[in-house]
Amino acid sequence: MTQLSLIPATPEYHPLPGVWDEMWDADAGVRPHWTHLVRGLAGLGAREWSARGQRIARLLRENGVTYHVYDDPRGYTRTWELDPIPLVLDGHEWLAIQAGLEQRARLLDLVLRDLLGPRALIDRGLLPPELIWAHGGYQWPLLGGRPADRRQLVFYAADLARGPDGRVWVMADRAQAPSGVGYALENRAAMARTFPELLEDAGVAKLTHWLAAAQDTLYRLAPAGRDDPHVVVLTPGPANETYFEHAYLAARLGFSLAQGDDLTVRDGRVWLKAVAGLKPVDVILRRVDETWCDPLELRPDSRLGSAGLVEAARRGNVTLANPLGAGLLENPGLMPFLPALSQALLGEELKLPTAATWWCGQPKERDYVLANLHQLVLKPIQRGHLGQTVFGALLDRKQLAAWRERIQAQPHLWVGQQPLTLSTVPAAHGGRLQAHHMSLRAFLVSHGDGYATLPGGLTRVVRRPDQGDPLSGQSGALAKDTWVTPSPPRARAESLPGGRREAFADVRALLDKGDEILTSRAADNLFWAGRYLERAEVVARLLRTVLDGLWEEETTPGLAPVLHALMRAIGRAPGQCGCAEHPDLAACVRDLVTHDEGPGNLVHSVRALLACTYGTREYWSVAIWRLLDRIERDWGRRRHGRSPERTDLWLGRLIDALAGLAGLASETLPREAAFRFFDLGRRIERGLNLVTLLGQSLHARLDEEAERESLALLLQSADSLITYRRRFRAEPGLAGVLALLVWDHDCPRALAYQLRAAGHHLAELDPDRRRPRPRALLTEADNLLRLAQVGMPAQVHDAAGRARLADTLAEVARHLAEVSDGIGQAWFAHVQEPRSLRPVWRARASA
């Protein structure tokens, strides 16, 4: 037991016996490179320590840093979890590790070039053919077509672990689409804002230089003659566990984020489906496993890739990083052959040892695995192909016999690996400091004449050290920032490619580069984010208005029909949910807030809004993510309060957050296509909702006092009551309400304003009038309003006049619905997910 406690007012730290501890030396105490951190953390008071831990969690949550554990009920909204105590590595030791990693990357690159090309290593007997041909990454469509003199392994990651003797071992190679670097960068950002003084004083190596090298490399990968290359990050989509990282890298590096359906291949060239037309793609940063990248030549059931992508890469018209076929290098059966390959290809001893591995395709090695299966780790040669890793120590006698039969049936598909007792590192657990087993994923990128290594990497520790949890992201492992101190010397970074350097040298050239490239899928999500935002806000305002009206009814008994009319405006007519009596109306409001998930209702609208914003996360600022986080956290608490007062309070918080979201989006999104589609969705939805509300008022048959209260509630739900009173200095009247909410072009809540704003956005999106139908429909709708304005004051007290105006507004609503459909057909027709407009039509049908 040590006498050290990093967390104030907690018991001492207990390293595990017989295990290497990264911080504590049993003979000398705290290791020298940990001393600065230990002193800094130990000097924090208990309250300060707690506050900083909460700050880390809040920063990750507000920044929308998520990792999707598929069995977790939180789904894709599960926040990334970071332990506040980093792993500290000695800078001099790191130089040796870095040299070994870069040597290994060079070696694996040569192996990949050979296996996808001449296959001389197989001919020379350095690699057995069964080991390669049986792997799913070895497919005939992926062979050949690559320049033999050009490096193929662009990104590489290695999972490292330290054994009881202090040596660092490579446990696995990652070359398919190595993930984790985005999380490592976010870990550092959170720690830099939480412990800035410790990072600065310790001289921790910075990570941004590696990111700049990666960006430079990707630009240089473009085929010859592409002066201003277009790079795309290919993602499986929001359901993928690391989707946050895909969006983060796209935004951080300035690349387009695309899914397979966003790409098309024509005449051997890859194009991005953008709202402004097809845009050529020169480089793809691939985050989709290779077998899913092309349904034409690889997996025909894949919906994650793009048909023809293999042919485009084969012709040299697009470069993929990593190239298709790089998954071959993740074959653990290669590990026992690497020392000989290093001698044959590099003339060097392998600097970093590999975990002892036996490929069962060789008789002697197979017999050893079968005899020692109870103490080995069994792995398939292709990750996820024949099942997951099996730990022999956890199998009973019957299970061991079954696995031995399976290995003997197809021995070349399996490897046995010696388990390693992983080193431990201190981590906060249950308010105490405990020793957690850990591993480190290191990241490299091809750059210049060699490879650039990220200083440190992504450290993961088991969540519950006393329960034998596996060490993987899907098991809920905790993350740690990784500090290399003192910072090792860094080679001088190379400059950007000439084309990029010239583009960034002239500010005027930057301003003239034009709008961003917006994919049709992103435009669709932005458009519907605007619609769902507006829909959620108007429903929340209506429900809150109904609650206010219930309290007002004590002094104005005739309000009951008005309140039921407001409920009909959101599709909940009396009798649909037992709202015939006054007390049940409050219960209906609470049910709509907490349970009812029908299309167009509040629960559905908020969830759809969160899904649309998550699918376009690269467009939203940190401030917007904080508001979205607030909405999501409040959403989880909405069921706790069943009283009208608690419901009213929750609705008020939601309305404030939604209004803040709309305001921040207007202030932070540049006036480019992304903003225009988002605001276009808001304007169309607001116009449709206004028509529904106004139609209810025009059809109502109320006495003078009830109509006045009804119009006041209508203005309140439209957030225009103060404006009305300031402008007209009178109690609400129908003529004034119609003037303000229908024909006032300067009122942001008016129907005429929505038509004009939507028309302006369409004019900017389609300056050449290649998609004339939506604009023509808006013009017709505006003309209908102008004609209806003639003689309006004389008609408001006449039943026939009200009916004609209601019919006109219904016609305007039909035009707006057609505009929405026309926008979808013109700009994002390839997106097939249907969106529900049922509440608008249902409300109009019941009016």
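**A look at the core**

The protein has a mean pLDDT of 85, and 83% of its residues reach 70 or more; pLDDT is the predictor's confidence in each residue, from 0 to 100. This is a predicted model, where local features need pLDDT of at least 70 and side-chain atom pairs count only at pLDDT 80 or more, while totals for chains, interfaces and linings use all residues. Residues are numbered from 1 along each chain as its sequence is written, and side-chain values use heavy atoms, with hydrogens and water left out.

Two stretches call for care. Residues 491-499 have pLDDT below 50, with 15 contacts in the model beyond near neighbours in sequence; a contact means heavy atoms within 4.5 Å. Residues 501-505 are also below 50, and that stretch has five such contacts. Where pLDDT is low, the predicted coordinates should not be read in detail.

Now the wider setting. The protein has 30 helices and 22 strands, which are DSSP runs numbered from the N terminus (helices are H or I, at least four residues; strands are E, at least two). Of its 847 residues, 57% are buried, where buried means under 20% relative accessible area, exposed over 50% and partly exposed in between, with a 1.4 Å probe and protein chains only.

On to the core itself. A nonpolar core is a set of buried Ala, Val, Leu, Ile, Met, Phe, Trp, Tyr and Cys residues joined through side-chain atoms within 4.5 Å. The largest one here has 221 residues, and Leu 127, Leu 518, Leu 602, Phe 677 and Ile 823 have the most contacts inside it. Helix H16 (residues 520-552) gives the most to this core, 16 residues. Zoom in on Leu 518: leaving out residues up to four places away in sequence, Leu 518 touches Lys 273, Ala 274, Val 275, Ala 523, Leu 526, Tyr 619, Ala 673, Ala 674 and Phe 677.

Lastly, a helix pair. Helices H22 (residues 673-699) and H25 (residues 734-743) pack at about 170 degrees, with their axes 12 Å apart; axes are lines fitted to C-alpha atoms, for helices over the stretch in contact, and angles run from 0 to 180 degrees between N-to-C directions. That makes H22 roughly antiparallel to H25, a label for angles over 145 degrees. On the H22 side, Leu 690, Leu 694 and Leu 698 meet Leu 734, Val 737, Leu 738, Leu 741 and Val 742 of H25.

Methods
Parallel < 35°, antiparallel > 145°, perpendicular 65-115°, else oblique.
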